[in-house]
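Please examine the sequence and the structure shown below.

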Amino acid sequence: MKRFSLVMGCTFMLFSVVACMPSEIYSETERYARDARLLDSFDLYRTGNWGLPKDPAISVVRVQSSNIEADRYSAQLADTMVGGLRSYFPHIHEARSAKNFNAALTMARKERADYLLVPQLLVYDDAIGDWKQWRESQEISEVGRDKIKITLALYTAATGGLVENAYIEGRSGWLTFINSDPADLLYPAIEEYAQQLYGNH
């Protein structure tokens, strides 16, 4: 009887290990692939490590750039920020643009926001990743992985004081850069940023 119980116990443990192996193996494989830059990856750095109070009102305002192309990318970035944060912070206002920080702060106060989030685009590198782009350029040096870098400055709307800065860098992988777009690299990073800001609510 003891031997039977021992065999049954070992069998149960074996099935338990086997049952969890596929997901664990996939998770570990994916992590190593991202570390090796084979899959899309991102880095997120924050100067703070705390969460926002429950249900804050947030205004997302970008400061306009004199570069038309950069300004267009920044507008896309701001819209992506709003979309990524809304599932965690429903009281977030539609993205707007302002000529300078003071104008952005005035907008946030008019919207009665608790916080002002100012995204800034640093790098938007859309490398050649499909045949259309290749036919237009045909520069082998421009073929490769996309890259995007942004900063996110969070302020209290009441005082204009800086709460924290965040830095996100996204890179497409060597196995996933075909038909990719730098903006696509932001979604998982913004999701992680939103989760951290949300905290343990």
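Helices (H or I, at least four residues) and strands (E, at least two) are DSSP runs, numbered from the N terminus. This is a predicted model, in which local features need pLDDT of at least 70 and side-chain atom pairs count only at pLDDT 80 or more, while totals for chains, interfaces and linings use all residues. Residues are numbered from 1 along each chain as its sequence is written, and side-chain values use heavy atoms, with hydrogens and water left out.

R62 is found in strand 2.

Two polar contacts may be listed here. Such a contact is a pair of N or O atoms within 3.5 Å; within protein, one must be able to donate a hydrogen and the other to accept it, and residues adjacent in sequence count only if both atoms are side-chain atoms.

| From | To | Distance |
|---|---|---|
| R62 side chain | D71 side chain | 2.8 Å |
| N100 side-chain oxygen | N102 backbone nitrogen | within 3.2 Å |

The N100 contact lies at the start of helix 3. In helix 3 (residues 101–110), A104, L105 and A108 are buried. They lie on the same side of helix 3 because they cover an arc of only 100° around the axis, taken from the directions from the helix axis to the C-beta atoms. The face turned away from this buried side carries the exposed residues N102 and K110. Strand 2 and strand 4 are among the elements covering the buried residues of helix 3.

Technical notes: Buried < 20%, exposed > 50% of the residue type's maximum accessible area, 1.4 Å probe, protein only. Contact = heavy atoms within 4.5 Å.
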